[in-house]
Amino acid sequence: MKPKRLESELQDVGTFSHPKQNLEQYATTPALATKVLHLAAVEFGDIEDKSVIDLGVGTGVLAIGAKLMGAGHVLGLDVDVDALSECKENLEMYEPELEVELVLMDVIELIRRYDDYDEEESDESDESDDDDNNNGDGKRKDYVWPKADTVVTNPPFGTRRKGADVAFLAAAMKMAETAVYSFHKTSTREYIQKVATKKLGAKSAKVVAEMKYGLKNQYGHHRKDEVEVFVDVWRIQPTCKMKRDGNNDEDEIFEQNLRELAANIEELQLSARERKDKHRSKNSNKNEEY
Ligand code: SAH
């Protein structure tokens, strides 16, 4: 699909109706999504017929774009039920409905629990106002991560929750067989390079596109209407390949993990709607974080 066509197909993808500041919910614009996905598909062959995970899928613009560019199985993960149900609505808008599997998952919690990644060192993100850095030491390494050829993520930049950007990157690298596409603030370029290659053992880590990201004032805490943020798009190749090679035990644990984490999206949609209605009637003209 040509870039112009993809961008116009993505125009109607709904964005967060009540963006949550603590989750850094900023939707990727159709133009930026197109730029990244086109690059990944055409320049690197990482989308067509490939399995794709969208980490922090939000309302789904990257997952939808990947599907439209010919991806095979697409899995979208997010910690926010409301975002997942809005994503589901976006998928239903297409005729026929686009198939993207949606799973409720707290990526940061997972990496905390199941990896030896040391959060303490990831302290270069700005404006930390987080509190619970208290991981304990009982990390398990036997978790079987969901896997895909390609992982795309527009992660939280770590402005609200310290280290969220790197936690996402660490999780993405656990999940990707071939390549991770991840967005990071240009101001953290050197740091990301170091973390990706030295700490997370990437085979390669390159900035493949630079973008100007106009963050709309959707929360009311920015003084200006729009703040410009310079963002790098990274293509990172993870090293250690733990291919799921038909080993039954592993497959079974994987399925079990997914079952445990998967939520029934229809039910979620229902309860999300109920909550939204309540929220609306209680709080009709507030646009604050909640
Ligand atoms: N991929 C979407 C949304 C990006 S915003 C897009 O490009 O438009 C970042 C997303 O990460 C949000 O949807 C937010 O809910 C999600 N997120 C934040 N913290 C998370 C966590 N701990 N686990 C999973 N998802 C998380």
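This is a predicted model: local features need pLDDT of at least 70, side-chain atom pairs count only at pLDDT 80 or more; totals for chains, interfaces and linings use all residues.
Biologist: Which backbone atoms lie by a nitrogen atom of the ligand, and at what distance?

Modeller: A backbone N or O atom of Gly56 is 2.7 Å from a ligand nitrogen. For a backbone N or O atom of Val107, the distance to a ligand nitrogen is 2.9 Å.

Biologist: What makes up the shell around the ligand?

Modeller: The ligand is surrounded by 23 residues, and Asp78 and Asp106 are among the closest. By class, 13 are nonpolar, five polar and five charged. Helices α3 (61–68) and α5 (107–114) each supply at least two of the shell residues.

Biologist: Why is α4 called largely enclosed?

Modeller: Buried means under 20% relative accessible area. In α4, 10 of the 12 residues are buried, so the rest of the structure largely encloses it. Among them are Val81, Leu84, Glu86 and Lys88.

Biologist: How do you know that the length of helix α4 agrees with its residue count?

Modeller: At 1.5 Å a residue, the 12 residues of α4 (81–92) should span 16 Å. The end C-alpha atoms are 17 Å apart, so the two agree.

Biologist: What makes Asp80 a cap of α4?

Modeller: A side-chain oxygen of Asp80 lies 3.3 Å from the backbone nitrogen of Asp82, at the N-terminal end of the helix. That is within 3.5 Å, so the pair passes the distance cut-off.

Technical notes: Residues are numbered from 1 along each chain as its sequence is written. Side-chain values use heavy atoms; hydrogens and water are left out. A residue is near a molecule or strand if one of its heavy atoms lies within 4 Å of it. A polar contact is a pair of N or O atoms within 3.5 Å; within protein, one must be able to donate a hydrogen and the other to accept it, and residues adjacent in sequence count only if both atoms are side-chain atoms. Helices (H or I, at least four residues) and strands (E, at least two) are DSSP runs, numbered from the N terminus. Ala, Val, Leu, Ile, Met, Phe, Trp, Tyr, Cys and Pro count as nonpolar, Asp, Glu, Lys and Arg as charged, and the others, Gly among them, as polar. The expected span of a helix is 1.5 Å times one less than its number of residues. Buried means under 20% relative accessible area, exposed over 50%, partly exposed in between (1.4 Å probe, protein chains only).
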